[in-house]
Amino acid sequence: MSWSAILVLVVGAYGCKLFGVVVLAKLGDTDGALDPRLAWFPTVAGLIPAALFSALIAVQTLEADGVLQLDARAAGVAAGAVAVWRRVPFVAVVVIAMAVTAAIRWQT
Amino acid sequence: MAPHRREGLLLAIAVGVVALTFGVLADAAGLELAQIIVMSSLVFTGASQFAAVSVVDGGGSGAAAVGSAMLLAARNALYGPVVARLLPTSWAPRAVGAHLTIDETTAMASVQEHDADAADAFWWTGVWLWSLWNIGTVAGALVGAVIGDPESWGLDAAFPAAFISLLVPHLRTAPGRVAAVVGAALAIATVPIAPAGVPLLVASLAVAPAYVRSRRSATR
C-alpha cells in the first residue's frame, strides 16, 4: 500500500469525524439560534445511535464475506442478548457471548 | 472505578486483541511497520483499516482500498451530533475529541444518563481504546502470527454482544425502538447487494420513520 493512499485515508477518515463534530453538530445546536426549519434535527440526531448500533449488531452478527450467515457467532450473540435481557452485568454478557461461540466452534 | 470507566476498559481490551489481528493482517498484506503505526494512530477507525488492508491483501489497488475504507469511515460523521455537546468548546481538545469519535466511544457516551458521566465515558473509553488499539497493532505486526486465530475463542461475538448492552437504553422510547428495528432491517436487506459499509449508511435512514413516530407521540 502506497504512502499516498495511506495519507488520503488519514485525511479522509479524520475529515468524516471532523465534519460530524463541526458541521453536522451545528445543525443540532439547541442553544438559541436554531433555524425553525431545522427544528427536527436534534430529535433526529438523538435517534441516530439507536438506528446505527442496531444495524451494527445485525451486520456484525450475521454478515460474513458479504453474505448473511447463521453460525456459531450468531448463537453466541443470541446468548449474549438473553444475558442482557436477564440483566447480567456488562462484562459477563461479553464473556458469555464469547464462551458460547468458542464452545460451538470447538464442538464442530 | 466508575462503572462506565470499567466498561470502557473492558471494551478497549477486546479491541486491543482485535488490533493484534489487524497488525498481523497488515503485515501480511505487505505494509511497512511505519505505515501500520500511522494507520492505527491517525486513521483510528477499525472497520475501515481492516477493509483497506483486506483489499490490498487481495491484490486490489490503493484507490479501491481507500474507497471501501471511506464507506466504512463515513458513519463516524453521523456520531458528531451525538458527541459534540460533550466536547470542550476550545478547538484543540475538540479536534482530539473528533478523532476519538467512533462506534465504541459514541456508544459508551450515549448510554450515560448525565452529560458529565457521558463526557467522562467518552474520554476514558477513547483514551483506553486508542492506547490499546495502537499497542495491539504494533504487537500484532511484530509477533502476531503466534497468537493463533482469535475467532476460535469467539472474539467476533464479543462486539455485537457488547453493543446489545449499549443499545438497550435507546430502546426505552417508542421512536428509539422504531429506529432500531428499521435500522437493523435496512442493514440486513442491504448486506447482500452492497459493499461493506453501505448497509450502515442505509440504516441511518431509519431515523425518518422514527422521527415520524416521535411527532405522533408529541401531538397526542
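These legends describe close-up views of a predicted model. Residues are numbered from 1 along each chain as written, chains are lettered from A in the order written, and side-chain values use heavy atoms, without hydrogens or water. Local features need pLDDT of at least 70, and side-chain atom pairs count only at pLDDT 80 or more, while totals for chains, interfaces and linings use all residues.

**View 1. Helix H2 of chain A.** Helices are DSSP runs (H or I, at least four residues), numbered from the N terminus. H2(A) covers residues 41-62. Its 22 residues reach 31 Å from first C-alpha to last, close to the expected 32 Å (1.5 Å times one less than the number of residues). A kink of about 30 degrees sits at Leu47(A), shortly before Pro49(A); the bend is the angle between axes fitted to the seven residues ending there and the seven starting there.

**View 2. An edge-to-face pair in chain A.** Rings of Phe, Tyr and Trp (its six-membered ring) pair if their centres lie within 6.5 Å; planes under 30 degrees apart are stacked, over 60 edge-to-face, the rest tilted. Trp40(A) and Phe41(A) are edge-to-face, at 5.6 Å and 65 degrees. Trp40(A) is partly exposed, at 34%. Phe41(A) is buried, at 8%.

**View 3. A stacked pair in chain B.** Phe22(B) and Trp133(B) have ring centres 5.8 Å apart and planes at 25 degrees, so they are stacked. Phe22(B) lies in helix H1 and Trp133(B) in helix H8, 111 residues apart. Both are buried.

Note on methods: Helices (H or I, at least four residues) and strands (E, at least two) are DSSP runs, numbered from the N terminus. Buried means under 20% relative accessible area, exposed over 50%, partly exposed in between (1.4 Å probe, protein chains only).
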